[in-house]
Structures are given as C-alpha cells and as structure tokens.
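Subject: Structure handover

Hello,

The structure is below, for you to open alongside this message. My notes on what was found in it follow.

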Amino acid sequence: MSVFSQRLLELRTQNKLSQTKAAENLQIGSRTYQYYESGEREPTLTILVRIARFYGVSLDYLAGEKDTP
C-alpha cells in the first residue's frame with residue numbers, strides 16, 4: 001500500500017466516512033475511490049487537489065513528503 005493510499009484511508013476513517021460517502025463528496029465514483037484507497041489506481045492532479053481540499057490537508061501530506069497535514 002502506498003503512502004497516499006494509507007493516508008487516504010486514515011483521513012476517511014478519522015472523518016467517520018464510508019467510501020461511498022467520501023466519493024459522493026468528492027464527486028467521483030465509489031469504485032474509483034476504492035481503487036485509490038487500495039492503491040490500484042492513482043488520481044489525477046485535479047482529483048488530488050479536490051481530495052486535499054476536502055480533507056483539509058496539503059498535497060505534500062497526501063504524497064508522503066510531509067508528516068503534518
């Protein structure tokens with residue numbers, strides 16, 4: 001599992017969201033969100049920015065470059 005996938009899972013669970021609810025809020029398909037969390041796919045930059053804004057973290061945090069959100 002990549003750092004991104006781990007952090008995405010952690011952020012979702014910390015916010016007490018299901019994968020489906022997180023996907024709805026991000027305006028992506030729930031299966032697509034599942035792929036991101038499992039590391040089977042990587043999001044585009046546009047989706048990464050949307051994820052960072054939604055969870056209130058930096059892109060550096062999502063990418064594993066920084067350990068502080």
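Helices H2 and H3

Gln 19, Thr 20, Ala 22, Ala 23 and Leu 26 in H2 meet Ser 30, Tyr 33, Gln 34 and Glu 37 in H3. Contact here means heavy atoms within 4.5 Å, and helices are DSSP runs (H or I, at least four residues), numbered from the N terminus. By class, this contact of H2 with H3 has four nonpolar, four polar and one charged residues. Ala, Val, Leu, Ile, Met, Phe, Trp, Tyr, Cys and Pro count as nonpolar, Asp, Glu, Lys and Arg as charged, and the others, Gly among them, as polar.

This is a predicted model, in which local features need pLDDT of at least 70 and side-chain atom pairs count only at pLDDT 80 or more, while totals for chains, interfaces and linings use all residues. Residues are numbered from 1 along each chain as its sequence is written, and side-chain values use heavy atoms, with hydrogens and water left out.

H2 covers residues 19-26 and H3 residues 30-38; they pack at an angle of about 110 degrees, with their axes 8 Å apart. Axes are lines fitted to C-alpha atoms, for helices over the stretch in contact, and angles run from 0 to 180 degrees between N-to-C directions. That makes H2 roughly perpendicular to H3 (65 to 115 degrees).

Buried residues

In H3, Tyr 33, Tyr 35, Tyr 36 and Glu 37 are buried (under 20% relative accessible area, 1.4 Å probe, protein chains only). The buried residues of H3 pack against H1, H2 and H4. For Tyr 35, the relative accessible area is 17%. Leaving out residues up to four places away in sequence, Tyr 35 touches Glu 40 and Arg 41. Just after H3, Gly 39 takes a positive phi of about 85 degrees.

The nonpolar core

A nonpolar core is a set of buried Ala, Val, Leu, Ile, Met, Phe, Trp, Tyr and Cys residues joined through side-chain atoms within 4.5 Å. The largest one has 17 residues, of which Tyr 33, Ile 51 and Tyr 55 touch the most other members. Two or more residues come from each of helix H1 (3-14), H2, H3, helix H4 (45-55) and helix H5 (59-63). H4 gives the most, with four residues. Not counting residues up to four places away in sequence, Ile 51 touches Phe 4, Leu 8, Leu 26, Tyr 36 and Leu 62.

Regards

Key: Parallel < 35°, antiparallel > 145°, perpendicular 65-115°, else oblique. Buried < 20%, exposed > 50% of the residue type's maximum accessible area, 1.4 Å probe, protein only.
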